[in-house]
Amino acid sequence: MMKGPELDKMWITMGPQHPFSHGLWTLRVQVDGEIVVDAEPEIGYLHRGWEKECENRIYPKIIPMADRLCYSASMTWSHLYCKVVEEALDVELPDRARYLRVVADEICRIQSHLMWLAAVGTDLGNLTVFLWCLREREFFLDLNVRLCGQRLTTNYPRIGGVRNDMPYYFERDCMRAVERFEKALWEIIAITDESSLFVNRMKGTGILTREQVANLGITGPAMRGTGVDFDIRRDDPYAAYGEIDFEVPVLKDGDSYSRFRVRIEEMFQSCEIIRQAMAKLETIPKTHPYRIKVPRAVPEGTHVTRIEDPRGEGLMYLVSDGTDKPYRLKVRSPVFVNVSAAKPLVMGARVADIPAVMAMIDMCLGETDR
Amino acid sequence: MNLYPHAIGMSADEFMSWSSAMIDNMVSAGTKRTVNRLTGPVWAWAMRNSMHPLHFGLACCAIEMAAASAPKHDAERLGIIYRSSPRQTDVLLVNGWISKKLVPNLRRLYEQMPGPKWVVAMGECAISGGPWYDSYNIVQGMDQIMPVDVYIPGCPIKPDAMIDGFLLLQKKIDAYFKRGNFMED
Amino acid sequence: MSSDAKIEAPSYNDVKALVATKFPKTVSLRENTKKNSRADNEKRRIYFKADRKVLLELCTYLRDKLNFEHASSVTAVDWVDHMEVVYHLSNYFNGMLLEISVDVPLDDLTVDSVANVWGGANWHEREAYELFGIVFKGHPKLERLLTPKYYEFYPFRKSYKLRGQE
């Protein structure tokens, strides 16, 4: 019997407006019955020429723009930008600034992971997870408001330090929030990790091997859930991470469930880092400077630096030409590369499993499209 | 009023002439105005308390949109419930910058929504382009491609501000439905 | 140390010596000059300038022998009189970040694609192609990715001016 080559397969377009995609991107999948046989991600709906616009602005004016690269982890991106300019100026930060940046980074990491967990909750059909996670997240956003003055786009780091010192009683508030969160996270684990509704949909889906992950350039928790033991905070330390003792959770299974576990463990580790950094900050006197003066123009040269974003490896490459505007500023976004691996991730999965697999990438399209 | 006894067995042409004759009758007899006056406030009450925005997250403000429906702010007590299909919505909430690649998709979503529909521009980017004022790929403001009813400023806006903007939109919806829409369209 | 064995975590001096012996004329090293950057002082950054003819060979060598199994980014810089393609590679075992920069003349904007060496470089090369117009030879799918299909200019070139740019 004659059979058309494409009649038994069909393309489904998921996006740009689709309940599974947290952000604007399209995943076109070709299905054979229920099984995905081909996939093609498409991005670019939020492209705004960020790197080109930076060439039109002076250095301090790029900090608030760096916040808007990734809106759920804005602190790490403005930190990364300030770090690359500091490397270009070759200045060393005062201790207080380094520890304040660590505290702000980890607050940001916790709230970003909570936003991800809330999204996973709705993806896998449990609205309670969404409500509980966002309830806990509000405490960390309040900490952001106390420290930086804004909920999301914090605009806190400055070239050569941070904008302001801790407000009064910030240590107390921060420790209270962290202690409360560590208890609340166990409650959230009770309705996610101990629920077969969640675990059965994540176990055994989206499997990649260690070699595949390294070759495809997947970074962050998705990489550490596949057995690659690499965390820039530990292996290429920046700010004050070299002086803090913490563990890097690594799991070897390589499926969605191990990526999920890595992120949960990371939240506990972030609490531990905040606790240690706060203890250290108490020993540094308040009169210690939190910011140093830096020149306005950056000397000529090329500089590269990287940072551990909640989603993976963030890298910035700065080419300066001696003026007060960058000549070229390249951003390496972790999600940009992670989403390019969507095809190997969803191949062989069922259509209903695509949200569970792609949720583990933790999409943030602002940094992807730039 | 000319009522057909065999209304169930009507052909399409018969039905059209019957229904238009009935509407003409009601308009001329003042029935329509009376019904509008009676049902208008009920419609307005129902519609303003069940605003269903499209679940369409673009950028920073989408995170705050999620936070607004979360426990602390709880926008659902005002009837703001997000629907994923444009066919089930009446408010298009544009919460981010609009790139040129997105414009056709956005227009299509807007056209898929059943009327009467409202558009809310949320945040600086949707109002005027915001921080991307010199970009080569960004539409400088939502109102360049479709009519906007409510502008909510902020970058990103706070959930309180979003709820405030929706309260403004409630007034607009209320005014629209108060005059009644019995036997229209 | 035999030249065939794979070194899992090569030190700064290993990389420097091995690349210098394997590619004596075509790859040159740029010394670190920063005083305060910890990564530079602890020898976790290494900067190379390579000829574009040996790029693919160098990249394969770095991946297979020196275990740089992750391509962090591929980017391009427009220097008006020529273009430059910059590769950042990293090693998971010693946290080293390696930079290769390759000059591309304006009259022949082509360079070998490394998308088959590292799958992670695939979209970075597509991005450099659409924003700078550099053609990566041997790339599996060199199409526009971020900008709309009807764009006919390369926005990141210095010749394209934004509003307010002189």
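Hi everyone. Let me begin where two chains meet: 29 residues of chain B and 27 residues of chain A make up that contact. Please keep in mind that this is a predicted model.

Which elements carry the chain B side? Helix H3 (60-68) and helix H4 (103-112) of chain B each give two or more residues to the side that touches chain A. H3(B) gives the most, with five residues. If you sort the residues on that side of chain B by class, you get 17 nonpolar, seven polar and five charged.

Now let's go to the contact between chain A and chain C. Here chain A puts in 33 residues and chain C puts in 32 residues. On the chain A side, the elements giving two or more residues are helix H1 (50-54), helix H8 (210-216), strand S6 (301-309), strand S7 (312-320), strand S8 (326-332) and helix H12 (334-340). Which of them gives the most? That is S7(A), with four residues. By class, the side of chain A that touches chain C holds twelve nonpolar, seven polar and 14 charged residues.

Two strands pair with S7(A). With S6(A), it runs antiparallel over nine bridges, and A:Val304 sits opposite A:Tyr317 of S7(A). These two strands make a hairpin with two residues between them. With S8(A), the pairing is again antiparallel, this time through six bridges, and A:Val319 faces A:Arg328 in S8(A). That hairpin has five residues between its strands, and A:Gly322 in the turn shows a positive phi of about 90°.

Chain A also has an open sheet of three strands, in the order S1-S2-S3, with antiparallel pairing. Its edges are strand S1 (10-14) and strand S3 (35-42), each pairing on one side only. From one strand to the next, the twist averages 20°. If you want to find your way around on screen, look at strand S2 (residues 26-32) of chain A, which is joined to S3(A) by seven bridges. The bridge partner of A:Gln30 is A:Asp38 in S3(A), and A:Asp32 stands opposite A:Ile35. Between S2(A) and S3(A) the hairpin has two residues, and A:Gly33 takes a positive phi near 70° there.

Next, the core. The largest nonpolar core has 210 residues, and the ones touching the most other members are A:Tyr81, B:Val94, B:Val120 and B:Met122. Which element supplies the largest share? Helix H4 (residues 95-123) of chain A does, with 16 residues. As for A:Tyr81, leaving aside residues up to four places away in sequence, its contacts are A:Ile62, A:Ile63, A:Ala66 and A:Met316.

Finally, chain C. This chain has four helices and seven strands, and from the N terminus on they run α-β-α-β-α-β-β-β-β-α-β. The C-alpha trace spans about 55 × 35 × 30 Å along its principal axes. How does the radius of gyration fit the length of the chain? A compact globule of 166 residues would have one near 15 Å, and chain C has 17 Å, which agrees. Buried residues account for 40% of the chain. Among contacts in chain C between residues at least 6 apart in sequence, 54% join residues at least 24 apart.

Five strands of chain C form an open sheet with mixed pairing, in the order S1-S2-S5-S4-S3. Strand S1 (27-30) and strand S3 (70-78) of chain C stand at the edges with a single partner strand each, so one side of each has no neighbour in the sheet. Neighbouring strands are turned by 25° against each other on average, direction ignored. Inside the sheet, strand S2 (residues 45-50) and strand S5 (residues 97-105) of chain C pair in the parallel sense over six bridges, with C:Tyr47 opposite C:Glu99 in S5(C). Helix H4 (residues 122-132) of chain C packs on this sheet, touching S3 and strand S4 (82-90), and its direction makes about 10° with that of S3(C).

Terms used. Residues are numbered from 1 along each chain as its sequence is written. Chains are lettered from A and ligands numbered from 1 in the order in which they are written. This is a predicted model: local features need pLDDT of at least 70, side-chain atom pairs count only at pLDDT 80 or more; totals for chains, interfaces and linings use all residues. Two residues are in contact if their C-beta atoms, placed from the backbone, lie within 7 Å. Ala, Val, Leu, Ile, Met, Phe, Trp, Tyr, Cys and Pro count as nonpolar, Asp, Glu, Lys and Arg as charged, and the others, Gly among them, as polar. The radius of gyration is taken over C-alpha atoms; the globule rule is 2.2 Å times the number of residues to the power 0.38. A residue is buried if 20 or more other C-beta atoms lie within 10 Å of its own, exposed if 12 or fewer, and partly exposed in between; C-beta atoms are placed from the backbone. Two strands pair if DSSP finds at least two bridges between them. Axes are lines fitted to C-alpha atoms, for helices over the stretch in contact, and angles run from 0 to 180 degrees between N-to-C directions. A nonpolar core is a set of buried Ala, Val, Leu, Ile, Met, Phe, Trp, Tyr and Cys residues joined through C-beta atoms within 7 Å.
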